[in-house]
Amino acid sequence: MVSGEIEDMYRTYGPLVLRRARAILRDEASARDAMQEVFIRVIHSLDDFKREASPMTWLYRITTNHCLNQLRNQTRRAELLELGHGRERNQTPGLDDRLAMARVLAEVAEELGQVAVYYYLDDLNQDEIAELLGTSRRTVGNRLEEFRTAAQSLLAERVA
Amino acid sequence: MSFEESLPQRRGEACLSDLVLDRMIVGELDESGGRAEHLAGCAKCSARLAELRLATPDQLFIAGLAAAATKTARRRRGPLTAGISTLLVAAAAVAVIWWPRPPEGTRSKGGLTFEVVARRQNGVVAPLLPGATLAAGDAIRFRLSSDVDGWLTVIGVDSRPSVTAYAPASGSARRWKAGRDQLVDEGIELDDTRGQERVIAVLCARELTVAEVVHAGERALARAGDPAAVGDLGLGCHQASILFRKAP
């Protein structure tokens with residue numbers, strides 16, 4: 001790989017990866033770190049990247065997975081919970097509450113978090129998510145239902 | 001308020017997702033398949049497409065990347081910036097830059113691996129590969145891996161023709177401990193000299209002066225007549241180099 005390729009890749013995909021990481025992590029510094037980590041992975045998996053019919057879709061997936069892993073990081077989760085306690089006294093938590101969203105994504109199983117990000121954050125429909133994940137629409141629907149149940153339970157715990 | 005009611009309103013079924021719009025932006029999808037017609041008739045989607053395009057200015061992104069690179073370098077390697085003395089070849093200082101692994105094409109000899117990392121004026125930070133082109137104002141730093149301890153000097157041999165000491169700038173060669181991926185303190189901002197330049201790292205078992213290495217470079221350049229043809233400096237030391245081109 002030549003440095004020009006790396007540059008081209010950054011220019012083409014970098015801003016979109018950064019935007020996506022910002023949307024999931026809701027923290028500028030973490031998003032930038034995530035972007036760099038994603039590109040390190042791209043460079044290390046360059047053959048896979050080049051073979052992808054849609055590199056953008058591939059990047060969506062690995063950025064989502066990386067960011068969800070970040071959210072699961074114990075330290076970060078503790079920070080979010082601490083921040084969240086300051087807000088929940090006066091607000092009804094909903095999934096549009098970014099801290100609540102982050103907390104829920106950090107808590108649920110990875111496959112549920114993925115589907116939730118694509119559905120709620122990216123506004124993809126179930127067919128699109130199924131195509132992106134290489135699974136069936138039914139599976140996506142089931143995971144969304146599981147996520148809703150888990151989210152309601154987790155949010156209820158917060159206000160209890 | 002129910003769970004679903006707490007969520008933002010979803011896009012219309014016919015509307016284009018961000019993923020589709022992103023793929024259009026990078027050229028993976030064109031405007032066929034009804035997308036052009038939809039964009040022409042849907043103010044929401046066309047506005048979102050414009051928003052996504054506006055949200056991706058290269059310069060802002062690249063500046064962020066450089067900042068992230070600096071932060072990662074500090075986190076992974078400790079306070080790299082502490083005590084950095086930047087050598088000015090043309091003018092300004094260079095930020096700490098970092099890259100995760102040696103690129104293909106790094107020249108190695110005698111247990112010494114030498115890597116040049118460049119930060120271009122547009123902010124892009126990337127390892128330099130042999131034969132790459134840089135411009136005046138671009139900045140470079142050096143990273144080495146070596147199996148042995150020694151005394152390190154880095155010089156640049158260019159097309160003027162001249163030889164410049166990059167690290168250290170003068171005095172004695174720098175004491176260097178064996179190790180992987182160690183960054184040399186100095187950063188260099190390239191001047192407007194055009195043509196090829198060979199940056200040479202010399203790791204010696206004995207304590208040379210920088211002047212000795214520069215003179216050896218001058219002799220080698222005189223013999224070769226061209227930075228591209230400069231080979232062994234005849235110092236009996238480990239030596240590694242990379243050749244690049246400077247354009248306006």
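pLDDT is the predictor's confidence in each residue, from 0 to 100.

View 1. The mean pLDDT of chain B is 73. In this chain, 71% of the residues reach 70 or more. Over residues 56–110 of chain B, the pLDDT is below 50. This stretch still has 136 contacts in the model, beyond near neighbours in sequence. A contact means heavy atoms within 4.5 Å. The model scores ipTM 0.72 and pTM 0.47.

**View 2. Helices and strands of chain B**. Chain B has 5 helices and 11 strands. Both are DSSP runs, numbered from the N terminus: helices are H or I with at least four residues, strands are E with at least two. Take the contacts in chain B between residues at least 6 apart in sequence: 71% of them join residues at least 24 apart.

**View 3. Inside and surface of chain B**. Chain B has 248 residues, and 50% of them are buried. Buried means under 20% relative accessible area, exposed over 50%, and partly exposed in between (1.4 Å probe, protein chains only). Chain B exposes about 10900 Å². Carbon and sulfur atoms supply 52% of that area. Accessible areas come from the Shrake-Rupley method with a 1.4 Å probe; for residues, only the protein chains shown count as cover.

**View 4. A:Arg19 and the residues it touches**. A:Arg19 sits in helix H1 (residues 3–25) of chain A. A:Arg19 counts as buried because its relative accessibility is 16%. Leaving out residues up to four places away in sequence, A:Arg19 touches A:Tyr60, B:Asp18, B:Asp22 and B:Leu52.

**Notes.** Residues are numbered from 1 along each chain as its sequence is written, while chains are lettered from A and ligands numbered from 1 in the order in which they are written. In this predicted model, local features need pLDDT of at least 70, side-chain atom pairs count only at pLDDT 80 or more, and totals for chains, interfaces and linings use all residues; side-chain values use heavy atoms, with hydrogens and water left out.
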